[in-house]
Amino acid sequence: MGFKKRQIATSAIDSSNAGAPIGRSLGMSLADLAALTSAQLLGTGDESLEISGVRDDSRHVRKGELFVAVKGMSVDGHNYADAAIKNGAAALVVERKLKTDLPQLLVACSSRALGILAAHAAGRPADSITTIGITGTNGKTTTSYLIEAVLEAAGKKPGVLGTVSYRWMGKEKAAPYTTPTPLVLQDAFTKMKAEGCDTALLEVSSAALHMDRLVGTQFDVAAFSNLSQDHLDIHKTMHEYRDAKARLFGEQMAPQGVAVINIDDEAGAFMAEAAGAARVLRVSRRADADAEIRVLSFTSSIGGIKTEIATPTGKLKISSEALIGHYNVDNIALAVGIGEALGFAHDVIAKGISEMRGVPGRVERVANSAGLNILVDYAHTPDALVNVLAALKPLTKARLLCVFGCGGDRDPDKRPQMGAAVADAADLAFITSDNPRTEDPQSILDMITSSVPNAFFADVDRRVAIAAAVAEATPSDVALIAGKGHEDYQILGTEKVHFDDREEAAAACKARKSFSKDSILLETGGTCIAEEPCSEFSRVIIDGRSAAPGDLYVAIRGENFDGHDFCQQALDAGATGLLLEKGRGKGFSGATVIEVDDPREALGHIARKHRQDWGGKVIGITGSAGKTTTKDLLATALRGAGRVHAAAGSNNNETGVPLTLLGIRPHHDFAVIEMGMRGLGEIDYLANIALPDVAVVTNAGTAHVGRLGSPAAIARAKGEIYERHTGGGIGIYPEDDPRLGDLARACDTRKSFGDSTGETTSDADLCLASYQPQGAGGCTIEVEYEEETLKIDLALVGKHNAINACAALLAAISAGASLESAAESMARVKAPPMRGEIREIAGRKVLVDCYNANPTSMEAALRTLEELRSGRQAFAVLGDMLELGEQSAAAHERVGEHVAGLRIPVVAMGEFRTSIVAGAAGSGGEAWSAADPLAAARAALACTEPGDWILLKASRGMELERVADSMHTESQTGESR
């Protein structure tokens, strides 16, 4: 199909020069140029002077050529006029008069003048071939590949200028810009025409339209895909961005051109209006839409897309194995519309789309040796991420992993939006750099993580983030690496370095850690009773529900379940190995079956070997109170010194510690391991598995006194952590506990942390020098270490957390971090759920601290409530402290006495609620008991007003957060009434 195009020229051109390449004599005088560009000719030069060529780069100007001084976004060509003159420029095109004797063509917009001049200098090659332009935030590249395939199926010879590459007639080169600059663009058209192309297909960027790169070129078909937030660093507002896109339809359309527009996007109507009198083909995915191109039905699976589409010339059925997802249905429909505009038969359109083999960097599979589903995609906007994740989620058997980042020196507003998109759709988020350019990569990550509260991994090194995702992925997962797609570089600072997501993912697959059958037999003393050809396992797991191909399933017998009952479930999910108790391995086929005396102990042996083979440092933490918070503080503090592995929850028992250790990957530098206990010898067992380089005891209070009998026994049990380390171990203890100080002598080095804010000055190695509460915002502390004082803004409430921060800082320093980097990183920590978390409910500030409780932590929480109330009413909802044995009633009564002494009303729940009430009432306090969370919530709301403070505190088994939920529900119900 041919199109008749409008000529832009405003003056006659010598037709003998119509095909002259840029740089040759055009037979154009200064007067011709002035008329062509609507310019005012300044100076006293000869108006008949012929100009030999057009340039926009002063370095490339030759004698007798015209230099166009373009004012760009970061560089102003007017500043380089002297260099152009020195190189032989015969005249200048300017937007403001310059001090020079050379003739000057004064124009309103030099970039528009350049477009017109470039087209005429090249002989307007695009006028004699069919031109197609595709614009939109997302989908341009995929649609261009679809149309390229359709054109080839129609026997056409297309040339393509797009994001991935510039290519025609078997030649291809990487694209420096999505849409070339005017001189490059016209030179490309010239070469396409000379080498036999009959069609030019362009991805048209908003930046190119904004910068007038397409002025001088008319499009026979112009298509619009969609509009979502992007490039606001260029356009400033979404309206400006939309208006730039619309220029393709309002200014660049040929007289007989056709506009193909996706009207499902709310900007579609604006684009259609911009097309004016041109013919418009409206495209919609809705079967009942008022559109010429309508998707009647479609299915999308891992095997591709099948769809039926209605057009003005009938219906056609299309299949594409290369594309998946609803957003690619939109791209296919747009391609059908372009095919219709070009007048192609339906069988040609369907054939071309079905034969398109895929788009580089657009949901592109990464071939790998690990059998993983790894996809690379160019999605780098919130909308594109939402679309690709929505397409992949229903196709994922297990978990959807997403590696992504955001570019530096670009629109910062989309960073939290992209984070929210991944947090909402992906199971595991891996946050990293894209092209940080001259921005601090960590500051970009911080903006993203504000909307990804539970990111699985975050690191500024993209290579490490990809390796982390590949190491975590199983064959049942889908891992998406988003943002760069086909790009084979990263821009770090001002330097462009080679980096290809596909290469990095494939390399990471080869480096994946595995567990050999022989090593497991050696470490566990097990016997292989059924052997399949599987000598390596990708993971060691204990949950049959999470099994994936290549796993070794360890059957653990618990108090309420027996893992042996789920062996077949694990095998059905793809596990290739079972590790069971002796005598229970028969009857299973298709797997390597290993029998041992005790699978739980075997799990520990496997984890110990895994830890020994790793080259990083382990920091072990235990204590009666504060160990989980200290673990979280330490994990954050160490991030300035390296990559840290730590369990998301406590995960601190004889099963949790081995599983945490098994999560260590080669890219980790530190592992922070929390260790809990219920009796003597348990910490020793866990420490013997973890082999900590640094051993920390936060305190030794009365938690578990019911099991151990006395505080002294608790101290001995906690101190077992000091006796197991890899050599050169460092023991850290609270200065005010000489029992732990003596036990820490088992380490080669011991260090203490303490508090100097009271009446006594601490002699600890690191001490809290000052503590200033900042209300709900946390506190400001000063710490002293080796005669250095450092101030830290800590986003946790309560002095007990300031002490925990001191323990964490000392541990971080002992592991190799500097005080400054540890303190800077620690300032980013946030209160974890239910451990000092502050929620706003019905205008009240609710301190939710119900992850654990014992007399020490209960007293600390009440002190914090007293500190936070700041003259307002305070109220406490307290529940049972568990595992206190015979001392339970007395301990709860003392809590009641303490809360009464603070003049804080209390409602108590649980088995020992009467003891709390008795203690409070006996000391003149106000106290009630509640049988359920709703009763406690109603009491808390009735006794407080907006602005007041409420504490929820109990052992984990009480699930006291239900009171907060009931408060929220009750307040909402009250508002509705």
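Predicted model: local features only at pLDDT ≥ 70, side-chain atom pairs only at ≥ 80, totals over all residues.
R124 is buried, with a relative accessible area of 9% (buried means under 20% relative accessible area, exposed over 50%, and partly exposed in between, with a 1.4 Å probe and protein chains only). This residue sits in the loop between α3 (110-121) and β8 (130-135), where helices (H or I, at least four residues) and strands (E, at least two) are DSSP runs numbered from the N terminus. As background, most residues other than glycine have a negative phi.

E959 also has a positive phi of about 50° and isn't a glycine. Its place is the loop between β48 (949-953) and α32 (961-976). Buried or exposed, or in between: what is E959 at 40% relative accessibility? It counts as partly exposed.

Residues are numbered from 1 along each chain as its sequence is written, and side-chain values use heavy atoms, with hydrogens and water left out.

The average pLDDT (the predictor's confidence in each residue, from 0 to 100) is 92 for the protein, and 95% of the residues score at least 70. Residues 1-25 are the stretch to watch, with pLDDT below 50. Even so, that stretch has 69 contacts in the model beyond near neighbours in sequence, a contact being heavy atoms within 4.5 Å.

## Salt bridges

How many salt bridges turn up in a search of the whole structure? The search finds 57, counting a side-chain nitrogen of Lys or Arg within 4 Å of a carboxyl oxygen of Asp or Glu. The general idea is simple: side chains of opposite charge can pair when their charged atoms come close.

One of them joins E355 and K351, at 3.0 Å from N to O. Both residues lie in helix α11 (residues 346-355), 4 residues apart, about one turn of the helix. E355 is partly exposed at 43% relative accessibility, and K351 is partly exposed at 41%. Over in helix α28 (residues 855-869), R863 and E859 are 4 residues apart, so about one helical turn separates them. Their side chains meet in a salt bridge at 3.1 Å, N to O. R863 has a relative accessible area of 42% and is partly exposed, and E859, at 38%, is partly exposed too. Elsewhere, salt bridges that share partners tie R112, D212, R247 and E251 into one network.

D693 and R611 form a salt bridge whose closest N and O atoms are 2.9 Å apart. This pair links distant parts of the chain, 82 residues apart: D693 is in the loop between α22 (682-690) and β37 (694-697), while R611 is in helix α19 (residues 599-613). D693 is buried, with a relative accessible area of 15%, and R611 is buried at 3%.

## Cysteines

A disulfide here is a pair of cysteine sulfur atoms within 2.5 Å, and by that rule the count is 0. For C402, the nearest cysteine sulfur belongs to C406, 11 Å away. C402 is buried, at 0% relative accessibility.

C567 is in no disulfide either, with the nearest cysteine sulfur, that of C528, 14 Å away. C567 is buried as well, with a relative accessible area of 0%.
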